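Subject: Structure handover

Hello,

Here is the structure I promised to pass on. Please open it next to this email and follow along.

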Amino acid sequence: MKPFIAQHRDGDIGFQIAPMIDVVFVIMLFFMVMAGSVKVEKELNSQLPGNAETSGATEFVDEQVITITEAGEISLNDEPLSPPEDRTMDRLKGTLTRLKEAGDQAKSPTLVTVVSEPAAKYSRTIDVLDALAVAGITNVTFTVTEED
Amino acid sequence: MAGGGGGGEGEPEFQIAPMIDVLLVLLIFFMSITSAQVLKVDKSVTLPLAPDAIKRDNTRSEAIVNVRWDMKTQKPAYIMDDRVYPEVADLSKAIADTKKGSAAGATRGPNPSFRVVIRGDRDATAMSISRAMNAAAEAGVSDISFSAVNKD
């Protein structure tokens, strides 16, 4: 078997390119495989309700209210749109997209308030915020109903 | 600059140097996209799934609040900068201090508008997240972002 580091007749250690390429290929394959499975942290933005300045004209907008029950059922303006087991929420996404388009045509911002029951799962709230992101609605507020 | 090598008889021969160049560029590319995405996260928090969320803006000045969820006790724990805050009032004070530090330039990012990033566990209740939001509101921050991951 040839030695890993070749030794010339004059005693100099020669650089071997073939093993280096082998190692680089292996490292590259590792990073290529890792690149496919990497998790990326993303964000969903929301604004807390605050004090509005009253010096200018106040613009009244239609507020849409999405409620999330403890069981995970989602309703838009008291109309049930997504049962607890529904993860894709296509109906909700479609309705929100149409609302956004109607708001854009009327040049009126679409404001959505997500109201969740206290014991409802946070992941369900994120599902709703994700659906709002699909519809392109950015004026989103999230609140929780008061505990009795 | 020679694109490809040529032998004396006009026959192209394999050039090792450009191949190594390309190989190293590819290696650096894959290294950067994997290492840049490594989550600087609290490992005990399992973030919820949101494939359609927007890419995280790393230029903002922010305070990151981790909301752990203890399945046994069914209670949340609020962590900011590796410190556990049992009381929401203390968390609010810590957020306010971070905001002040950010305004003074101590932790100021390229985008100076301050926000609170809530990294809540997917099993947490809406109420526990709402308490973290209340802490942000008491600290005078109305810009809230929720963290999520693109895949399980």
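Let's start with one pair of residues. Lys42(A) stands opposite Lys55(B), a residue of β3(B). Please keep in mind that this is a predicted model.

That pair belongs to a link between the chains. β1 of chain A is joined to strand β3 of chain B, residues 54-55, by two bridges. The two strands run antiparallel.

Now look at the whole interface. How many residues of each chain are in contact with the other? On chain A there are 36, and they touch 41 residues of chain B. Three elements of chain A give two or more residues to this side: α1 (17-37), β1 (41-47) and α3 (122-135). Which of them gives the most? α1(A) does, with nine residues. By class, the side of chain A that touches chain B has 22 nonpolar residues, seven polar ones and seven charged ones.

β4(B) and β5(B) make a hairpin, with four residues between the strands. Find Gln74(B) in the turn: its phi is positive, about 55°.

Then follow the chain to β6(B), residues 83-85. This strand pairs with β5(B), again in the antiparallel sense, over three bridges. Ile79(B) has Val84(B) in β6(B) as its bridge partner. Here too there is a hairpin, with two residues between β5(B) and β6(B). Asp81(B) sits in the turn and has a positive phi of about 50°.

Last, go back to chain A for two helices. α2(A) spans residues 90-105. How do the axes of α2(A) and α3(A) lie? They come within 8 Å and cross at roughly 45°. That angle is why α2(A) counts as oblique to α3(A). The crossing is right-handed.

Which residues meet there? From α2(A) come Leu92(A), Lys93(A), Leu96(A), Thr97(A) and Lys100(A). From α3(A) come Ala131(A), Leu132(A), Val134(A) and Ala135(A). This contact has six nonpolar residues, one polar and two charged.

Best wishes

How values were computed: Residues are numbered from 1 along each chain as its sequence is written. Chains are lettered from A and ligands numbered from 1 in the order in which they are written. This is a predicted model: local features need pLDDT of at least 70, side-chain atom pairs count only at pLDDT 80 or more; totals for chains, interfaces and linings use all residues. Two residues are in contact if their C-beta atoms, placed from the backbone, lie within 7 Å. Ala, Val, Leu, Ile, Met, Phe, Trp, Tyr, Cys and Pro count as nonpolar, Asp, Glu, Lys and Arg as charged, and the others, Gly among them, as polar. Two strands pair if DSSP finds at least two bridges between them. Axes are lines fitted to C-alpha atoms, for helices over the stretch in contact, and angles run from 0 to 180 degrees between N-to-C directions. Angles under 35 degrees count as roughly parallel, over 145 as roughly antiparallel, 65 to 115 as roughly perpendicular and the rest as oblique. A crossing is left-handed if the near helix is turned anticlockwise from the far one by less than a right angle, and right-handed if clockwise.
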